[in-house]
Amino acid sequence: MKEKTPVLVRYRYLFSLLVSVLLAFGIGAIILAASGFAPLQAYGAMLRGAFDSARHVGDLLEYAMVLCICGLACVLGARVGIFNVGGEGQLLLGAIFACQIGIWLDGMSPWLVIPLAALGAMAVGAAYAFIPGVLKVKVKVNEVITTIMLNTIAAFLCQYLAKGPWKNANKNLVAATSQLNADYWFGKLIPRSNLTTAVFAAAVIAFLVWYVMQKTSKGFEMKIVGQNPRFAFFSGIKTDRLVLICMLISGAMCGLVGMFRVYGVEHLYKSSVSNDYYFEAIMVAMIASYQPVAVILLSLFFAILKIGAQGMELIGIPSQIYLILQTVIIFFMAAESGIMASIDAAAQRRRAKAAAQQRQKEAQA
Amino acid sequence: MNEFSELLKSILSPGTFNEMLRRATPVAIAALGGALTEHAGIMNIGMDGMILMGAFFGVLGSFLFSSAWAGLAFAILIGVLVGLFYALFVIKFRSDEFIIGCALNTFALGLTSYMSRAIFGTSGAKGYPSLPDLHLGVIGKIPFFGGVIDGHSLFVYVAVLLVVILWVFVYKTPAGFHLRAAGEKPETLRTAGLSPDRMKWIASVLCGVLCSIAGAHLSLGYLNGTFAENMSNSRGFVAFACVIFGGANPIKTYLASLMFGFFDAIGLRLQGTISSDLTGIIPYAITVIMMVYVVIRSNRRKKHAQKRDPKAAGGAA
Amino acid sequence: MEFPGVLANDDISLDIKKGEVFALVGENGAGKSTLMNILYGINEPTDGEVLIGGKKVEAFSPKTAIGLGVGMVHQHFMLVPSFTVAQNIVMSMEPKKYGFLFDNRAAERKTQELVNTYGLQVDPSAVVREISVGLQQRVEILKTLYRGAKILILDEPTAVLTPQETDELFDVIRRVVRERGMTVIIITHKLYEVMAISDRVGVMRKGRLVGVKNTCDTDEKDLASMMVGRPVLYDDLEKTGTAGENRIAVEHLTVTDNRGLIAVNDLSLAVHAGEILGIAAIEGNGQSELLEAITGMRKPERGTVRIMGQDVTGKSPDQIRAVGLAHIPEDRISTGISAPASVTDNLMVGKHDDKEFNLFGFHQRRSTIERYAREIYEKFDIRGAGLDSDVGSMSGGNMQKVVVAREFSFDTPVLIISQPTRGVDVGAIEFIHKAIIEKRNSGAAILLCSADLDEVFRLSDRIITMYEGKVTGSFAADAITKEEIGYYMTGDRSEKEARA
């Protein structure tokens, strides 16, 4: 019987996810109805908004790519027990440095500039992740709190650079760098959409992360370190080094996403290269139970919600409803084991009570 | 040289400190709530969402009942509900407090933006009844000091009162002892026949209320009856930084919020000299350095304890 | 009380009389603590009833228990480290002023009164974090007295105490029983303490109460055989070969514990090929820290550790393992396994980088790994729900077999073994003992540490005793008896003799 547990666990997960999604849409429907919109019509508009044109499909794929790579970056840290909340800052710094590299090297071959920009973005992201990583490993300072602080610092720093030393010549754009030479832009895969050739690089990265985590001896080490770091250290695994390396790679991935956003979509740095995308990605990673494949699939799902919600605007429904849908799913998934445990405990109490009554009856008889 | 002294003068003017107090207060009130959850052993990332809810429902109440006081009451009521909601997940269902905090922030953003647009038709609301500013009469005439503290919105003064009340509550009342025990070592309460979870519920609800008040002050006092989308503007995270910086001590937490407010305020004064974005970094950097310092110091203390106490060092256990 | 799948207490009926000292003994995991936790209301029985002072307990909670005059001193102290002694003692029954403020002065005064009444010296205004374990225990006892306890439950109170502190504790127990008419229940697994302090003794085994006797009608040997359910007689293990070259050399080693206090004090020892050196010591005398320092889990302050002739002082476990050492840790759950991982994965850790299990040095060959794991699983007679199930769901004995199987399969010339059979069933004990002797006979140098004195005697060639971080005696295993060695485990013999 016990041999089957993993399968049961997987089914339970899918079941919980399904119930959460249905509940979210149910609650969403109530809110929509309460504010005078027809829920079915609204959800229809959402579906159309996501799939009615190639452009929207492209946009949602691009957004899914951002969520997926950021989510995997989070998973990579979580697997070894370090929670990288600083992806937002790493992403912003990666974006602005990648952009600036393109501007400094303006005129050189794209074959040189693009790889250099990618490397630069990764190096900056990794360097910024190094600070909380080394503080966690060497000094045991809580990485969640430091990365939250470092996010704000990075946001300020980027804003300073974009307003000050690296500001563009155009007076109307307040906080933005100059635009990249069009030679360096990633090619569009679907015209007028945000989807560019960066998605291929992202696919390769996603595959590599999945492969290393699930199929290699390093991935095995990571799993053990995350499950029981003391045991891993005891067994001769270099835990500190592994945790730090994972943090650096996580930071590098976030930095690279920043580069994708600039070279693919924005073509210059401004704060809209990321709108708390990494926080959304953390939530995706969490609902995915930190499993790479689930991260990829759920990224797509949330991208559909987000892009679809823009379709709802067309019939006058505020698109922010998607934030509510998304977070309700997260609330339920985060509480899933707690809710299950409460149900179990209640059932157990009932059983115990019934059994005690039964015995009392028997004793009396 | 002359330029520099001019600059210094403008930095150290009553105006700067007045601005500091003004900017610090919304953060400070929320941070006081965060100090309570921190003492109860909950890492509360969700304060930003709580502030946003308070800000929106304050304006909504003010709009519905045409009174800022009703708006405040409405915000407090919502604060209780948000606190209960947060506690339900974090305490009852034992969910990851970080994820719930993050989700609460996003949820609050979604809900307030959606409702704001559904009710007010735009993404903001303006010009509803607001909380009064206070003028202190004679005290306002005291040179420098008067200029700093006079003429603020009501809750700037209430905040100071709250600091005192919460400090007494946390460090001088039995309930405060239970609250701290719940965070530091919950088993002690359990074996004393008390419920640590109950203290955590209370802390969460109080935090919800305080953050809501902070939000209501923001929309009804600070901005005189205005709601704008995402108007909490990461103040919840600043409040969180203050809690960490102040070690969850209400007084130190309040001082930390003044520090954040100060750097915020001089950013404006220094425009043209140093970017306000750079001065904005300073308090966060100080917080990180503080955290590292605190950990290193506690490690060093352990080592020192052994050297100071030769008898203990010789002991077996 | 049933834990998932485990019956911790099975149909127990027990009467404890007013004004007596009742000792509850049994091996680890026999269910002593669970029984007492039910009495204190922390756990609720699935069936049956509890009467305290003639009253039936309706709602099981510590509050009810305190109301009925039950006080419990837990094995892990229930004190808030940053609070003062007085603040800890009055918790839940705080003196107040003005109706809502905590009256610190009154708390300290009341504490001082208690201190004076019971003669348990402790400074009411000291911060708990900064006082010794012995004093912390006093605070725990004072806390129960403050709450008006008539029945005092002590869960393994001596595990963390020095002999002097133990003597003092026993004086206190005798005094409160004599002068205050209190009832004391003491949980322990040290039989000489039972003989020293108790009026009656109950023995538990595998969740059942197997006997209750008057202490004066029994002796340690009798209790021991009740505890393990059979006369403590094992077959002799066949030891062959003679000791060879030096493989573990520890010189002048000083190690601190987690609180920064000195746990191992200028200690030296040597272990040779083909011999087992056993460490006999009461818990908390530095043996854990010593083994951790040797295996790289803890950085020593001073001194050197040499394994196979190489200086490994302060190196990390991976470097030390590379020299040729394997380690069975004292706490398998925190250190010896990864509970959520499968049996296969747990058996693979440490070998996961080996060439034979990886294609191109990085791609895991799952089929080879599974074949290998199956082989080990069968060889070590591990019984559970199969190779794919979580180790965390296995019984203690099988979990320990997983640890032993993995560590022994490294075939290292040096083995560090700590508490190899703690909480393990008899069948598994026999299996593990034979495996250890097999290793010894094939020439491994083994350093063994166990709280079970019988185990130390059965397996070791030589025995050293440790007390307060120092070696107090060194003997050939067949040249000393268990009774004699007790003296060395409870203090520096030479010092005592000098004084006498």
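Strands and helices here are DSSP runs, with E over at least two residues for strands and H or I over at least four residues for helices, numbered from the N terminus, and two strands are said to pair if DSSP finds at least two bridges between them. This is a predicted model, in which local features need pLDDT of at least 70 and side-chain atom pairs count only at pLDDT 80 or more, while totals for chains, interfaces and linings use all residues. Residues are numbered from 1 along each chain as its sequence is written, with chains lettered from A and ligands numbered from 1 in the order in which they are written.

Another open sheet of chain C has four strands in the order 14-13-16-17, paired in the antiparallel sense, and its edge strands, strand 14 (262-272) and strand 17 (310-311), each pair on one side only. Within this sheet, five bridges connect strand 13 (residues 246-256) and strand 16 (residues 302-307) of chain C, and C:Thr254 has C:Arg302 in strand 16 as its bridge partner. Helix 9 (residues 287-295) of chain C packs on the sheet, where it touches strand 13, strand 14 and strand 16, and its direction makes about 120° with that of strand 13.

Is strand 15 (residues 276-280) of chain C mostly covered or mostly open? Five of its five residues are buried, a residue being buried if 20 or more other C-beta atoms lie within 10 Å of its own, exposed if 12 or fewer do, and partly exposed in between, with C-beta atoms placed from the backbone. C:Ile276, C:Gly278 and C:Ala280 point one way from this strand, and C:Leu277 and C:Ile279 point the other way. In a regular strand, side chains alternate between the two faces of the sheet. Strand 15 of chain C runs parallel to strand 22 (residues 445-449) of chain C, with four bridges, and likewise parallel to strand 23 (residues 462-467) of chain C, again with four bridges. C:Leu277 stands opposite C:Leu447 in strand 22 and has C:Arg462 as its bridge partner in strand 23.

Chain C is divided into domain 1 (2-228) and domain 2 (246-499), with bounds that come from an automatic or database domain assignment, and the centres of the two domains, taken over C-alpha atoms, are separated by 33 Å.

The largest nonpolar core holds 377 residues, of which A:Leu67, A:Ile69, A:Cys70, A:Tyr263 and C:Ile153 touch the most other members; a nonpolar core is a set of buried Ala, Val, Leu, Ile, Met, Phe, Trp, Tyr and Cys residues joined through C-beta atoms within 7 Å. Helix 10 (residues 239-266) of chain A gives the largest share of this core, 16 residues. Both domain 1 and domain 2 of chain C contribute residues, so the core lies between them. Among the residues that C:Ile153 touches, leaving aside those up to four places away in sequence, are C:Met36, C:Leu39, C:Val70 and C:Ile185.

## Contacts between the chains

The contact between chains A and B takes 35 residues from chain A and 38 residues from chain B, where two residues are in contact if their C-beta atoms, placed from the backbone, lie within 7 Å. On the side of chain A that touches chain B, helix 6 of chain A supplies the largest share, twelve residues. That side divides into 24 nonpolar, nine polar and two charged residues, with Ala, Val, Leu, Ile, Met, Phe, Trp, Tyr, Cys and Pro counted as nonpolar, Asp, Glu, Lys and Arg as charged, and the others, Gly among them, as polar.

The contact between chains C and A takes 27 residues from chain C and 24 residues from chain A, and the side of chain C has nine nonpolar, 13 polar and five charged residues.

Technical notes:
Axes are lines fitted to C-alpha atoms, for helices over the stretch in contact, and angles run from 0 to 180 degrees between N-to-C directions.
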